[in-house]
Amino acid sequence: MPYCNLSIIKEKRYFMKYDVIIIGAGASGIMAAITAARQNKSVLLIDKENKLGKKIYATGNGKCNFTNAYMKKECFFGNEELSNNIFGVFSEKNVIDFFNKIGVLSYEKNGYYYPNSNQASSIVTALELELMRCGVTICLNSSVLEIKAIKDVRPCDSISEYIIKGYTIENVADVSSAGLEKNKKISKDNKHNKNSNSKRNSNKSNNNAVTQKRMFLYECKSLIFATGLLASPKLGSDGSSFELIQKLGHTFTSILPVLCGFYCKGNAFKKMAGVRVKGQISILDNGKVLNKNTGEIQITDYGISGIPVFQVSHSISELLLSKKTVMGEIDFLTDISAENLKQCLKNNALILPDKKEFKYILNGILPDKMWNELFNYAKMDSSFTKKGIIKRNMSLEKTINDMINKLVDSIKHYQVIIEKSRGYEFAQACSGGINSNEIDANTLESTLYNNLFFAGELLDVDGICGGYNLQWAWTSGYIAGLNAAK
Ligand SMILES: Cc1cc2nc3c(=O)[nH]c(=O)nc-3n(C[C@H](O)[C@H](O)[C@H](O)COP(=O)(O)OP(=O)(O)OC[C@H]3O[C@@H](n4cnc5c(N)ncnc54)[C@H](O)[C@@H]3O)c2cc1C
């Protein structure tokens, strides 16, 4: 196997040939590149961003939950044939082993796998080092403008070679290198001078940085698209490859943002913003529970978020698409049954001083930001006191019992109207992708062209939260890379 330095291309040549070219240097593209290069193929990895694996850095809150021990088909959505067929070839165990062999030790917490360093950057660095060892050429800051499939290289009109035209944005260093030296000197001269101009000078040198477009033309036998869909476009996956893919004749199913928060109706959320409770969210369709999940629900100024909301986001997004009003029901205290909660609240009511507002019976049970809203929701006055009840000649016991029943109902059956998703910008994944009837489910090769492959989120498979989306990226990248190298 060739061993060469990682070359962040400053392409002087106009035309180069590779065995395999991969567009998209995210998780799936990198895995595809390593896999193809390990088959002794010359591989070029192209990305329009200035960094490899830009999205990986953001995964798992910067810790990268890269797979999960519990890998079942119910953890995935989209085309079942695709996900069922290939996980056996490159499973979660293979992924853990792959990272182990390239130097990343991992640990498991409730089935979720993370690198031992707790740093997503260590996953990217390990991948980058492996790309280097395998001799993969990396071409960053590069956009593809056109792809041509060559029809006449083989008999039977079979398409098996591709020409890729595009450009790389390069920094032209002349001004900056001279400028930097100059700045270094200036800041040295002004070391003891608080009114130094060095900051102004360094801005000046940045302003002087010049970029230029350098056109390229590459040829390859196999081409892999690993450009993601639309989730978190700031991290690279912005749909800019869709036109190229569609021009080749491929079509997409409808794409929806998933693993995201949702805007909810009403002002209550602003008042409760910042609250995090262990609860359960159920999504109702005509009163029936369509999907539910338990965990730390986050109340935000716009509505609801948190992992349990992400886990039911698929159901919500689909209902929203069908223009239905989406009703969610939150149980803010899953660990306590309604009966036990009533007992707790009765006890708190019993010991509550006569002049103290009844909302204090929630003290120690739920965050104080929620108290007024839970009373409001139950259509009760949270400022009511025992003294007030007695003054009105009402039965203290009956009034308290009624109040507690209503309060428990609002805590355990708090209904929200979900209006819209927070969209692609805040989504961790997307559902949908390239129509699966245009993909060979065993090889991930296009059924329209020979030697054209797809990997990662671009395909119509997405997973729940917990390492499943990266597992899909690693597995599909591996399969595409392996078959592209054949
Ligand atoms: C904040 C956040 C946290 C997440 N946390 C987790 C987690 O902990 N565990 C988990 O399993 N999943 C997580 N995910 C999801 C996971 O990161 C993705 O499913 C996975 O990275 C998708 O990999 P991919 O290779 O298919 O696409 P991407 O990672 O999106 O990579 C696509 C690449 O293609 C490039 N590209 C796009 N268009 C072009 C073009 N026209 N020309 C050239 N290059 C192009 C992009 O720049 C990008 O580098 C998270 C996602 C986000 C946003």
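Let us start with a pair of helices. The axes of helix 12 (residues 338–350) and helix 15 (residues 396–412) come within 10 Å of each other and cross at roughly 130°. Axes here are lines fitted to C-alpha atoms, for helices over the stretch in contact, and angles run from 0 to 180 degrees between N-to-C directions. Helices (H or I, at least four residues) and strands (E, at least two) are DSSP runs, numbered from the N terminus. This is a predicted model, in which local features need pLDDT of at least 70 and side-chain atom pairs count only at pLDDT 80 or more, while totals for chains, interfaces and linings use all residues. Residues are numbered from 1 along each chain as its sequence is written.

Helix 12 and helix 15 are therefore oblique to each other. Angles under 35 degrees count as roughly parallel, over 145 as roughly antiparallel, 65 to 115 as roughly perpendicular and the rest as oblique. The crossing of helix 12 with helix 15 is right-handed; a crossing has that hand if the near helix is turned clockwise from the far one by less than a right angle, and is left-handed if anticlockwise. On the helix 12 side, A338, L341, K342, L345, K346 and A349 meet I400, I404, L407, V408, I411 and K412 of helix 15. Two residues are in contact if their C-beta atoms, placed from the backbone, lie within 7 Å. The residues of this contact divide into nine nonpolar, no polar and three charged. Ala, Val, Leu, Ile, Met, Phe, Trp, Tyr, Cys and Pro count as nonpolar, Asp, Glu, Lys and Arg as charged, and the others, Gly among them, as polar.

Now look at helix 1 (27–37) and helix 5 (residues 120–134), whose axes come within 9 Å and cross at roughly 30°. Helix 1 and helix 5 are therefore roughly parallel to each other, and their crossing is left-handed. Helix 1 brings I30, A33, I34 and A37 to the contact, and helix 5 brings L127, E130, L131 and C134. Seven of these residues are nonpolar, none is polar and one is charged.

Six strands close into a barrel in the order 13-16-15-14-17-18, with antiparallel pairing. The twist from one strand to the next averages 45°. Two strands pair if DSSP finds at least two bridges between them. Strand 14 (residues 276–285) and strand 17 (residues 326–331) are joined by five antiparallel bridges, and Q280 has D331 as its bridge partner in strand 17. Strand 17 also pairs with strand 18 (residues 414–421) over five antiparallel bridges; here M327 has I417 as its partner.

Helix 11 (residues 313–321) lies across strands 13, 14, 15, 17 and 18, running at about 70° to strand 18.

Another sheet is open, with three strands in the order 4-7-6 and antiparallel pairing. Its edge strands are strand 4 (67–68) and strand 6 (106–109), each pairing on one side only. Two bridges join strand 4 to strand 7 (residues 112–115), and T67 stands opposite Y113 in strand 7.

## Around the ligand

Which residues are closest to the ligand? Of the 39 residues that surround the ligand, the closest are G24, G26, G228, G236 and G456. A residue is near a molecule or strand if its C-beta atom, placed from the backbone, lies within 6 Å of it. Helix 16 gives the largest share of the shell, four residues. By type, the shell has 14 nonpolar, 19 polar and six charged residues.
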